[in-house]
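Here's a quick briefing for anyone opening this structure for the first time. Have a look at the sequence and the model, then read on.

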Amino acid sequence: MRVIGVLGGMSWESTQSYYQALNQGINQALGGFHSAKIVMVSVDFAEIETLQKQGDWQTAGQLLASASKRIEKAGAECLLLATNTMHNVAPAIEAALKIPFLHIADATGEKCQNDGVTRVGLIGTRFTMEQDFYKARLKERFGIDVVIPNEQERAEVHQVIFDELCHGHINDVSRQRYLDIIESLHEKGAQAVILGCTEIALLVEQHHTQIPLYDTTALHASKAVEWALGH
């Protein structure tokens, strides 16, 4: 089994979901008392969140690249960045590493492709929904068209992530609003909807809707488990 590196803390609420998914995946594959071999560095999200608001992605990239090198030095054989939004600085991280970087959008794009999905909805932070680092990768690498919510809906999705989910608050009213937004994306032709923020799966799960949902945390972790086992 190869060692999985995890760069987490963005937020720690979703990082614990990664830790659970990685260990469950390894145990399901190998049985017994097996668990994942993991090297993790968890950053202070307050520093990252400030840089996001300032639009200082260069400094954020430097900070995460430095943390990634610490993970590599500690013996990790690949790296998972346990957040969707901060894949905005994935090039800076990849440039700092010698080990493979497993990109969250690739894990998601492969799932869409395998399911025959060519038009997908995307909800996440406003950075993920509005900037091109995620949508363009899905289009260029997998031929998938991405639909995003309207401006008001994007503001609501973003606010719930930062004001509620990052603090571990699960609100039934917010869940219903998310489900309404997911339905509106479906009405725009989305065959499925990507939960493109690692915290969203804490609020919305597949049993809440008949519209296919792609939990990026689960897909990313599953890809890492396959990699760790050499599949």
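## A first tour

Searching the whole structure turns up 1 cavity of 30 Å³ or more. On a 1 Å grid over the protein atoms alone, a cavity is a set of points where a 1.4 Å probe fits but cannot get out, while a pocket is an open set with protein on both sides within 12 Å along at least five of seven lines; lining residues have an atom within 4 Å of a point. This is a predicted model, in which local features need pLDDT of at least 70 and side-chain atom pairs count only at pLDDT 80 or more, while totals for chains, interfaces and linings use all residues. Residues are numbered from 1 along each chain as its sequence is written, and side-chain values use heavy atoms, with hydrogens and water left out.

- The largest cavity holds about 90 Å³ of space, where a volume is the space filled by probe spheres set on the points, and grid points are joined across faces, edges and corners.
- Its lining counts 15 residues, and those nearest the centre are Met10, Phe45, Thr85, Thr125 and Glu199.
- Helix H2 (45–54) and helix H8 each supply at least two residues of that cavity lining; helices (H or I, at least four residues) and strands (E, at least two) are DSSP runs, numbered from the N terminus.
- By class, the cavity lining has 7 nonpolar, 7 polar and 1 charged residues. Ala, Val, Leu, Ile, Met, Phe, Trp, Tyr, Cys and Pro count as nonpolar, Asp, Glu, Lys and Arg as charged, and the others, Gly among them, as polar.
- Then there's the largest pocket, with a volume of about 190 Å³. Ser17, Gln20, Asp215 and Thr217 are among the residues that line it.
- Helix H1 (12–30) and H10 are the elements giving two or more residues to this pocket lining, and H1 has the largest share, with 4 residues.
- The pocket lining splits into 4 nonpolar, 5 polar and 1 charged.

**The sheet with E1**

- Here 4 strands form an open sheet in the order E2-E1-E3-E4, with parallel pairing; two strands pair if DSSP finds at least two bridges between them.
- Strand E2 (38–42) and strand E4 (101–102) are at the edges with a single partner strand each, so one side of each has no neighbour in the sheet.
- Strand E3 (residues 78–81) and E4 share 2 bridges, and Leu79 sits opposite Phe101 in E4.
- Helix H3 (residues 57–73) lies across E1, E2 and E3, at about 150° to E1. Contact means heavy atoms within 4.5 Å, and axes are lines fitted to C-alpha atoms, for helices over the stretch in contact, with angles from 0 to 180 degrees between N-to-C directions.

**The sheet with E5**

- Another open sheet of 4 strands runs E6-E5-E7-E8, again with parallel pairing.
- Strand E6 (145–147) and strand E8 (213–215) take the edges, each with a single partner strand, so one side of each is left without a neighbour in the sheet.
- The twist averages 35° from one strand to the next.
- Strand E5 (residues 119–123) and strand E7 (residues 192–195) pair over 4 bridges, with Val120 opposite Ala192 in E7.
- Helix H10 (residues 216–228) packs on this sheet, touching E7 and E8, and its direction makes about 55° with that of E8.

- The axes of helix H8 (residues 151–163) and helix H9 (residues 172–187) come within 11 Å and cross at roughly 145°.
- Residues making this contact include Val157 and Ile161 of H8, along with Tyr178 and Ile181 of H9.
- Most peptide bonds are trans. The one from Met10 to Ser11 is cis, with omega near 0°, and Ser11 is in the loop between strand E1 (4–8) and H1.
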